[in-house]
Amino acid sequence: MVIDLHTHSLLSDGELLPFELVRRAEAKGLRAIAITDHVDSSNVDFVVPRIVLAVGKLRRQVNIDVVAGAEITHAPPALIAELVAEARGLGAELVLVHGETIVEPVSPGTNHAAIEAGCDILTHPGLIAEDDVALAAAMGVALEITARKGHSLTNGHVAALAARHGATLVVNTDAHAPSDLIDREAAMKVLLGAGVHPGGVDRVLAASEDIVRKILGG
């Protein structure tokens, strides 16, 4: 089974309520899912507590582990550390930062600021600098290999530098709609297509297991 640590509900720009998103992930056969809606200073205090509430209600009611998270999105680099701390203070168990994908005008310096802030996962980091990959490896920040169209164009670059510097990789969907969710077979194809060595695919999938285990215990 596969774990998806980057999804969106209609609390930001996704299509589904958190409960339906989780149910569809459960029906798809996922072992765990994180709800990580887009936040910035305008809505972090609204969105994160509601995700935390929904996740708290769902636990022990579904046959899938559910994690309450947030994705800090298009924040000026100087504000990222503050937002990471704020999201955690509001109960986010997993904090993502929207990386410098080549298909959106993300502020230069976002990748570096996110890693320095100690976020958990830097999503779709685009043409990330080699020094930042080395920093991510040193700080334990996971880099995302994404199944999402557009963002996935630089997966190969991310995977190659992560292998060179020993950075942790995770594979996620950045799901906004039910059709975006993927099973283990599809996740493996995304990783292989990114140039992850066949022997390393299980290691990438296990990295998400480790993240969930640390959050939920056991």
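Student: Where does Thr36 lie?

Tutor: Thr36 lies in the loop between strand E2 (32–35) and strand E3 (38–39). Helices (H or I, at least four residues) and strands (E, at least two) are DSSP runs, numbered from the N terminus. This is a predicted model: local features need pLDDT of at least 70, side-chain atom pairs count only at pLDDT 80 or more, and totals for chains, interfaces and linings use all residues. Residues are numbered from 1 along each chain as its sequence is written, and side-chain values use heavy atoms, with hydrogens and water left out.

Student: Is Thr36 buried or exposed?

Tutor: Buried, with a relative accessible area of 0%. Buried means under 20% relative accessible area, exposed over 50%, partly exposed in between (1.4 Å probe, protein chains only).

Student: What does Thr36 touch?

Tutor: Not counting residues up to four places away in sequence, Thr36 touches Leu5, His6, Thr7, His8, Gly69, Ala70, Glu71, Leu94 and Leu96. Contact means heavy atoms within 4.5 Å.

Student: New topic. Where is Val141?

Tutor: In the loop between helix H5 (130–139) and strand E7 (142–146). Val141 is buried, at 1% relative accessible area.

Student: Which residues is Val141 in contact with?

Tutor: Leaving aside neighbours within four places in sequence, Val141 contacts Ile115, Gly118, Cys119, Asp120, Leu122, Ala136 and Thr168.

Student: And how far is Val141 from Asp4?

Tutor: Their C-alpha atoms are separated by 16 Å. Along the chain, Val141 and Asp4 are 137 residues apart.

Student: Last one. Which residues in H7 meet H8?

Tutor: Arg184, Ala187, Met188, Leu191 and Leu192 in H7. They meet Pro198, Val201, Asp202, Val204 and Leu205 in H8.
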